[in-house]
Amino acid sequence: MPRHPKPQGLIDYEAWLAKGPPRYCHNCDHYGGDGKCLAFNVYVPFEHSQMSDCCPTWSQELPF
């Protein structure tokens, strides 16, 4: 007997996981505690810090 199809909720969740976290300055490794982007050596404008997925250098490395 074949398996039942996956529920839509599970399909949506797996797609969300595959996409990864939203890419904001606040969860980027280059974003300093003082609001300075270490990749570009400039203070990030407020408007830019509030936008997701807009920086080509966004990075979130594993902690080990």
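This note goes through the model point by point.

1. Basis. The model is predicted; local features need pLDDT of at least 70, side-chain atom pairs count only at pLDDT 80 or more, and totals for chains, interfaces and linings use all residues. Residues are numbered from 1 along each chain as its sequence is written, and side-chain values use heavy atoms, with hydrogens and water left out.

2. Largest pocket. Its space is about 160 Å³. There are 17 lining residues, and those closest to the pocket centre are Cys 25, Cys 37, Val 44, His 48 and Cys 55. A pocket here is an open set of points on a 1 Å grid over the protein atoms alone, where a 1.4 Å probe fits, with protein on both sides within 12 Å along at least five of seven lines. Lining residues have an atom within 4 Å of a point. Grid points are joined across faces, edges and corners, and the volume is the space filled by probe spheres set on them.

3. The lining has 14 nonpolar residues, two polar and one charged. Nonpolar covers Ala, Val, Leu, Ile, Met, Phe, Trp, Tyr, Cys and Pro; charged covers Asp, Glu, Lys and Arg; the others, Gly among them, count as polar.

4. Nonpolar surface patch. Leu 10, Tyr 13, Trp 16 and Leu 17 make a patch of about 440 Å². Patch members need over 30% relative accessible area and no salt bridge, and nonpolar side chains (Val, Leu, Ile, Met, Phe, Trp, Tyr) are joined within 5 Å. Areas come from the Shrake-Rupley method with a 1.4 Å probe, and for residues only the protein chains shown count as cover. Trp 16 sits in helix 1, residues 8–19. Helices (H or I, at least four residues) and strands (E, at least two) are DSSP runs, numbered from the N terminus. Trp 16 is exposed because its relative accessibility is 55%; the cut-offs are under 20% for buried, over 50% for exposed, and partly exposed in between (1.4 Å probe, protein chains only).

5. Salt bridge. Glu 14 pairs with Lys 6, with the closest N and O atoms 2.8 Å apart. The criterion is a side-chain nitrogen of Lys or Arg within 4 Å of a carboxyl oxygen of Asp or Glu. Side chains of opposite charge can pair when their charged atoms come close. Glu 14 is partly exposed at 34%. Lys 6 is also partly exposed, at 47%.

6. Positive phi values. Two non-glycine residues deserve a look. Asn 41 has phi near 60°. Asn 41 lies in the loop between strand 1 (36–37) and strand 2 (42–43), and is exposed at 52%. Asp 53 has a positive phi of about 55°. Asp 53 falls in the segment after helix 2 (46–49), and is partly exposed at 45%.

7. Sequence against space. Arg 23 is in the loop between helix 1 and strand 1 and is partly exposed at 39%. Arg 23 and Trp 58 are 35 residues apart in sequence and 6.7 Å apart in space, C-alpha to C-alpha. Leu 62 and Arg 23 are separated by 39 residues in sequence and 15 Å in space, again C-alpha to C-alpha. Leu 62 is in the segment after helix 2 and is exposed at 62%.

8. Pro 2 lies in the segment before helix 1. Its relative accessibility is 69%, so Pro 2 counts as exposed. Pro 2 and Gln 50 are 48 residues apart in sequence and 46 Å apart in space, C-alpha to C-alpha.

Methods. Patch = residues over 30% accessible without salt bridge, like charges linked within 9 Å, V, L, I, M, F, W, Y side chains within 5 Å.
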